[in-house]
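Reader: Could you walk me through this one, starting with the aromatic side chains and then moving on to the strands?

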Amino acid sequence: MITSNIDLGTNVSIDNDASINNVKIGDNTKIAAGVRVFGSPKHQLVVGKNCYFGPNTIVEGYNAQVTIGNFVSFAQNINLMSGSGPNASETLQRIFPIIKGEVHLGDHTWIGASVVIMPNVTLGKFCIVAANSFVNKSFPDYSIIGGSPAKLIRILTKEEIEKLHE
C-alpha cells in the first residue's frame with residue numbers, strides 16, 4: 001500500500017491490497033481490496049465519513065480536486081477521474097486534449113458497478129447512478145441517472161425525498 005500525505009479519521013478500514021495517497025478520509029469509511037484512491041500534493045482528495053469503496057475501484061484526483069461527500073457508496077469496478085486523454089501521445093493531444101476538471105459527489109450518492117465518471121462532473125446529494133453508466137455531465141440532487149452517456153431517468157418523488165429526511 002502506497003501511503004503519503006494521508007489524513008485518516010477514526011475507524012477507517014483499508015484492505016491490505018488497497019492503495020491510497022494524498023487523501024483525507026472521514027470516520028468509518030471502508031475501502032475494499034484492489035481499490036486505488038489518490039490525489040496529488042496539490043489536490044488532496046477528500047472523502048467524507050461513512051463511505052464505502054467496493055473492490056477494484058479507482059478514484060483519481062491527481063489532476064484536479066475530487067471531493068466525495070458523506071455516506072457515499074461505490075460498488076465494484078468504478079473509475080472516477082479528474083483527468084483523461086491520450087496522455088502518452090502529444091500528437092493525439094492536438095486533436096483530443098487532456099481534459100482536467102474537478103469532480104464532486106454529494107452526500108448519500110450511490111454509484112453502481114462498473115460506472116465511469118469523467119472530469120468536470122458534480123452529482124448532487126442522494127444521486128443514484130445505474131450500473132455500467134458513463135457519466136460525463138452533472139446532475140442535481142435526488143437524480144436517478146443511467147446509460148452511456150448517462151441521462152436523467154427521473155428525480156426522486158416528493159414522497160421519497162420526505163422519507164429520506166424523516
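Author: Keeping in mind that this is a predicted model, I would start with Phe53, which is buried, with a relative accessible area of 0%.

Reader: And Phe74, is that one buried or exposed?

Author: Phe74 has a relative accessible area of 1%, so it counts as buried, the limit being under 20%.

Reader: How many aromatic pairs does the structure hold?

Author: There are 2 aromatic pairs in the structure. One of them is formed by Phe53 and Phe74, which are stacked at 4.7 Å centre to centre with 15° between the planes. This pair links distant parts of the chain, since Phe53 belongs to strand E8 (residues 52-53) and Phe74 to strand E11 (residues 73-74), 21 residues apart.

Reader: What about Phe126 and Tyr142, what is their geometry?

Author: Phe126 and Tyr142 also form a stacked pair, with 5.6 Å centre to centre and 10° between the planes. Here Phe126 sits in the loop between E18 and E19, while Tyr142 sits in the loop between strand E20 (134-135) and E21, and the two are 16 residues apart. Phe126 is buried at a relative accessible area of 12%, and Tyr142 is buried at 13%.

Reader: Back to the packing, which residues touch the most other members of the largest nonpolar core?

Author: That core has 36 residues, and those touching the most other members are Phe53, Ile68, Phe74, Leu105, Leu123 and Val135. Among the elements that give two or more residues to this core are strand E4 (23-25), strand E10 (66-68) and strand E15 (103-105). Another core, of 5 residues, lies apart from it and includes Phe126, Tyr142, Ile144 and Leu156.

Reader: What does Phe74 contact beyond its neighbours within four places in sequence?

Author: With those neighbours left aside, the contacts of Phe74 include Phe53, Ile68, Leu80, Leu105 and Ile111.

Reader: Switching to strands, why is E21 described as largely enclosed?

Author: Strand E21 (residues 143-147) has 4 of its 5 residues buried, so the rest of the structure largely encloses it.

Reader: Which way do E21 and E22 run relative to each other, parallel or antiparallel?

Author: E21 and strand E22 (residues 150-155) run antiparallel and are joined by 5 bridges, with Gly146 standing opposite Lys151 in E22. A hairpin of 2 residues connects E21 to E22.

Reader: And how does E19 pair with E21?

Author: Strand E19 (residues 128-129) pairs with E21 in the parallel sense over 2 bridges, and Val129 has Ile145 in E21 as its bridge partner.

Notes
Residues are numbered from 1 along each chain as its sequence is written. This is a predicted model: local features need pLDDT of at least 70, side-chain atom pairs count only at pLDDT 80 or more; totals for chains, interfaces and linings use all residues. Side-chain values use heavy atoms; hydrogens and water are left out. Buried means under 20% relative accessible area, exposed over 50%, partly exposed in between (1.4 Å probe, protein chains only). Two strands pair if DSSP finds at least two bridges between them. A nonpolar core is a set of buried Ala, Val, Leu, Ile, Met, Phe, Trp, Tyr and Cys residues joined through side-chain atoms within 4.5 Å. Contact means heavy atoms within 4.5 Å. Rings of Phe, Tyr and Trp (its six-membered ring) pair if their centres lie within 6.5 Å; planes under 30 degrees apart count as stacked, over 60 as edge-to-face and the rest as tilted.
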